Amino acid sequence: MNDKKLKNGIDEIKNIVMTNAEKKHIIDNILSTSNVNPKAIKSPWSFYSFILITRKSQLVYYIVIPLIILLSSGGVVFASQDSLPDSILYPLKVNVVEPIGGALKFSLNKKAKYESSLATKRLVEAETLVNQGKLDKIKEDKINSLLTKHTNALNLAINESTSEDVNEEMSTVATDFRAQMNAHAKVLDVLSNEKESKKEKNIEIEKETEIETKAKAEADISDIKISNTARLSADKIKDSSNNKNDKKIKNFKEKKDKVRFIVEDADKNMNSVIVNDKTTNDPVSEDSYKKLDQAKAYLYDADKKDEEGKHEEAYTSLLDSLVSAKEAEILLKEGQKIEKNKEIMNLIEIDD
Amino acid sequence: MKKDKKSTFEAIYKNESDAIFRFCLLRVSNRDQALDLVQETFLRLWQSLQKDEDILNSKAFLFTITRHLIIDYYRKKKSIPFKDMASTDEEEGYDPANDITTDNLISGIEGRYLLNKINELPQSYREPLYLRFVEDLSPPEIGEILGVSANAASVRINRGLEELRRVSGYSKDDLNKLNI
């Protein structure tokens, strides 16, 4: 009985059906739908969707992927900009980034300026390493070789310049280079001397055995070859630029006025520093006054030789005067920087 | 080619439209709404055929779509209290028994009785039993529709039968005679 009831129940449920009219209406509706693939509603975020963009065009792969690689490598390149010889990014900077930068300088002037700035950069790196007490033989040799390389490149650019306009600009680059090299060589000497004297004091305090102390001091006191290389580089560029000076003697008066203006300007700056009592008797600042005096002496000498008719010698003295004046300004700035650093270090020591 | 698709679609529509309509009507208890759901279900099938998508089992495909459309319908229809949203019940489904009655849909008393008894069962047994009993679907097909394995569907059917026997008074033999 129950069996029959159950079957009946199922049959009754199965009797629920659509009418023929309803069926026809629905199928007609579906088949008459012309837009079978309705256009998807555009997402407001589709602009930002990388996947959607790549789906649209295969060309994007050729643009976006290299762009991503470029941006990520750009980050590494940017990070390598301030790296020092003890950093893993330094080889990338000096062997890849900087040579590429040099290859993109198409005029001799720009190339010379670029090489000059790189040489200065090397000296600043050496100064930083000396300050941190991290300058060892390997790093020193590395910086030395790079400095020589930049000097040679600059020298080549100076020798290749032929036109008068280019020579004039090259002369400015050469004087700047000489001033930078000499000034930073002096700063490097002062910094390394200070470090050495500090180390010697520490060694005494530690009261180590005499043999060990001597051995350690000898190992630590590195003969700063970099400053020597810098001075030699300056001399080399001086010789090269002097060989090119013969054509420029006709602009002597004009040039002399410029140099006089620069010397006077440097003198004013020095005086203002003295008045404001911003400097102390540190060796770098002291040397800047000497250099200014030297600049004045060269200028006087240039005047004298010009009157005597020794035009070439006069021009050389004029350039020496210009270099000394620039050197004085660089030394003054560097001296102030060193003093500031010292003040900060003293404050840190007091806090400790 | 297009004609083939059309004839395929028409054949499926002819065979399955009533089952889909029944499935919808017994859950939404509104004829117009059930017709809308049937139309939407078959429109999806038509679009899939147009896109040359592989449909291995059209019956299971249609029931799966219908089931999801009904769930969407109930989601839109009533706001769900927070405690229900936070419920850990793993079963995704709907419960039309709360606010609708199926009494006016079936003319016969035995059909109404059976359906009421099925609706008294827990949610996890209700659908497998209905699909097995009324629509003659196999456990693998039911598993596909519910998103569970064929074994799990089979277990639910058997437990649901035990439960139905207990609440309805149908004997085990009666149910076995139906080859369930």
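## Chain A: helices and its side facing chain B

Buried residues account for 30% of the 352 residues in chain A; buried here is 20 or more other C-beta atoms within 10 Å of a residue's own, with C-beta atoms placed from the backbone. This is a predicted model, where local features need pLDDT of at least 70, side-chain atom pairs count only at pLDDT 80 or more, and totals for chains, interfaces and linings use all residues. Residues are numbered from 1 along each chain as its sequence is written, while chains are lettered from A and ligands numbered from 1 in the order in which they are written.

As for secondary structure, chain A has 13 helices and zero strands. Those are DSSP runs numbered from the N terminus: H or I of at least four residues for helices, E of at least two for strands.

Now the contacts, meaning pairs whose C-beta atoms, placed from the backbone, lie within 7 Å. Take those in chain A between residues at least 6 apart in sequence: 79% join residues at least 24 apart. Across the interface, 23 residues of chain A are in contact with 30 residues of chain B. H1 (2-14) and H2 (20-31) of chain A each supply at least two residues of the side that touches chain B, and H1(A) gives the largest share, ten residues.

Here's how the residues on that side of chain A divide:

| Class | Residues of chain A touching chain B |
|---|---|
| Nonpolar (Ala, Val, Leu, Ile, Met, Phe, Trp, Tyr, Cys, Pro) | eleven residues |
| Polar (the others, Gly among them) | six residues |

Note on methods:
Contact = placed C-beta atoms within 7 Å. Buried ≥ 20, exposed ≤ 12 C-beta atoms within 10 Å, placed from the backbone.
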